[in-house]
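Visitor: I'd like to learn how to read the features of a protein model. Please take me through a few of them, one at a time.

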Amino acid sequence: MTDQPKIELHLHLEGAAPPDFIRQLAAEKGVTLDGVFDASGSYAFNDFEHFLQVYEAAVTVLQTPEDFGRLTRAVLEQSKANGVVYTEAFLSPDFCGNRDLGAWREYLAAIEEAAASVSGIEMRGIVTCIRHFGPEKARETAVCAVETAGDFITGFGMGGNEGVFTQGDFAPAYDAAREAGLGLTTHAGEFGGPESVRQALDDLRVSRIGHGVRASEDPALISRLVEEGIVLEVCPGSNVVLGLYPNIAAHPIDKMRKAGVKVTVSTDDPPFFHTDLRAEHTALTDTFGWTGATFAAVYRTAAQAAFCDAATRARLLARLE
Ligand code: ADE
Ligand code: ZN
């Protein structure tokens, strides 16, 4: 059952970098990384904001298009080993040439070439702004997204600290991305409550929400998610490690699925959270009794919500049969 073809919609490319990969690059570049790893060599952080700081510190060793190409290959090989056949990765122009469009094109070319070199798994990129970097930088990020939208860059999203700014502050960036035909998602209802999910729907008009699990605290919002067919990119292991829930048994994913919400399953930043998609499967099976049929339905939902063209979607749905 854990070997069925899997579709992942929520994976941060840099957040998927194994600690050994980051240590190797740091050694090659003579960079010292303080406060990133614990004694056993894993990423070390105490809470969400500290996680974001450690994440951004680790990213400083990713300095060239070639580094991102190497990372892409490593991440896709890892995902493929876990049975993933299609993955959408969040890509950050903030980390790829500081949102300079010419530089971004070079980083993107390296990422796309690396993705094409790994057979048996397809990748699409969701250009992602970082909320705590602010709305101005998000608009520059949206320009990178709009100018490179196409077969590979198919979506626009936002990660980062939900505690600063509002979703609506990023409406101009999202309006530009929508105009360019990109699929839209944003992190909401992770550290922000149900209101942040409402704002994402009202102000950014996204079809998908990254996490969204805090909507479970508001029955009226659950009804709205069901009625509007909003798809949640749920990352249970991430939510537990970052302290939203004490364990998987306390996680609302199963309750939300049974209420008719379109949930999908992803890993977010797997090495940070000591997870992968196979481990998420095992946890959901052991905790909630999810069966092969449950996962098949979840992956059909993911294929239908993927930011890809009709031919790719048809291919994915056929692969899930
Ligand atoms: N960036 C990487 N992982 C994230 C998460 N779980 N929430 C918000 N921003 C992120
Ligand atoms: Zn995320």
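Guide: Start with the labels: helices (H or I, at least four residues) and strands (E, at least two) are DSSP runs, numbered from the N terminus. This is a predicted model, where local features need pLDDT of at least 70 and side-chain atom pairs count only at pLDDT 80 or more, while totals for chains, interfaces and linings use all residues. Residues are numbered from 1 along each chain as its sequence is written, chains are lettered from A and ligands numbered from 1 in the order written, and side-chain values use heavy atoms, leaving out hydrogens and water.

Visitor: Is arginine 99 buried or exposed?

Guide: Here's the scale: buried is under 20% relative accessible area, exposed is over 50%, and partly exposed is in between (1.4 Å probe, protein chains only). Arginine 99 comes out at 13%, so it counts as buried.

Visitor: Which loop holds aspartate 268?

Guide: The one between β8 and α11. Aspartate 268 has a positive phi too, near 70°, and with 2% relative accessibility it counts as buried.

Visitor: Since you bring up α7, which of its residues are buried?

Guide: In helix α7 (residues 194-204) they are Pro194, Ser196, Val197, Ala200, Leu201 and Leu204. To see what they touch, take contact as heavy atoms within 4.5 Å. The buried residues of α7 pack against β4, α6, β5 (183-188), β6 (208-211) and α8 (219-228).

Visitor: What describes two packed helices?

Guide: The angle between their axes and the distance between the axes. The axes are lines fitted to C-alpha atoms, for helices over the stretch in contact, and angles run from 0 to 180 degrees between N-to-C directions. Under 35 degrees is roughly parallel, over 145 roughly antiparallel, 65 to 115 roughly perpendicular, and the rest oblique. Helix α1 (residues 19-29) packs on helix α3 (residues 65-81) at about 155°, with axes 12 Å apart. That angle makes the two roughly antiparallel.

Visitor: And which residues of α1 and α3 meet?

Guide: From α1 you get Phe21, Gln24, Leu25, Glu28 and Lys29, and from α3 Asp67, Arg70, Leu71 and Ala74. Sorted by class, this contact has four nonpolar, one polar and four charged residues. In that scheme Ala, Val, Leu, Ile, Met, Phe, Trp, Tyr, Cys and Pro are nonpolar, Asp, Glu, Lys and Arg charged, and the others, Gly among them, polar.

Visitor: What angle do α5 and α6 make?

Guide: Helix α5 (residues 135-148) and α6 pack at about 5°, with their axes 8 Å apart. The two are therefore roughly parallel. Ala138, Arg139, Ala142 and Val146 of α5 make the contact with Pro172, Ala173, Ala176 and Ala177 of α6. This one divides into seven nonpolar, no polar and one charged residue.

Visitor: Back to α3 for a moment. What does serine 79 touch?

Guide: Serine 79, found in helix α3, touches Glu8, Leu11, Val84 and Ile121, not counting residues up to four places away in sequence. Its 8% relative accessibility counts as buried. Serine 79 is also 7.8 Å from aspartate 276, C-alpha to C-alpha, although the two are 197 residues apart in sequence.

Visitor: Rings next. How many aromatic pairs does the structure hold?

Guide: A ring pair is described by the distance of the centres and the angle of the planes. Rings of Phe, Tyr and Trp (its six-membered ring) pair if the centres lie within 6.5 Å; planes under 30 degrees apart are stacked, over 60 edge-to-face, and the rest tilted. The structure holds 17 such pairs. Phenylalanine 51 and phenylalanine 273 have centres 5.3 Å apart and planes at 40°, so this pair is tilted. Phenylalanine 51 lies in helix α2 (residues 48-59) and phenylalanine 273 in the loop between β8 (262-265) and α11 (277-288), so the pair ties together parts 222 residues apart in sequence. Phenylalanine 51 is buried at 3% relative accessible area, and phenylalanine 273 counts as buried at 3%.

Guide: For an edge-to-face case, take phenylalanine 156 and tyrosine 174, with centres 5.0 Å apart and planes at 70°. Phenylalanine 156 sits in strand β4 (residues 153-159) and tyrosine 174 in helix α6 (residues 171-179), so this pair ties together parts 18 residues apart in sequence.

Visitor: Which rings are linked into a cluster?

Guide: Ring pairs link Phe37, Tyr43, Phe45, Phe48, Phe51, Tyr55, Phe95, Phe133, Phe191, Phe272 and Phe273.
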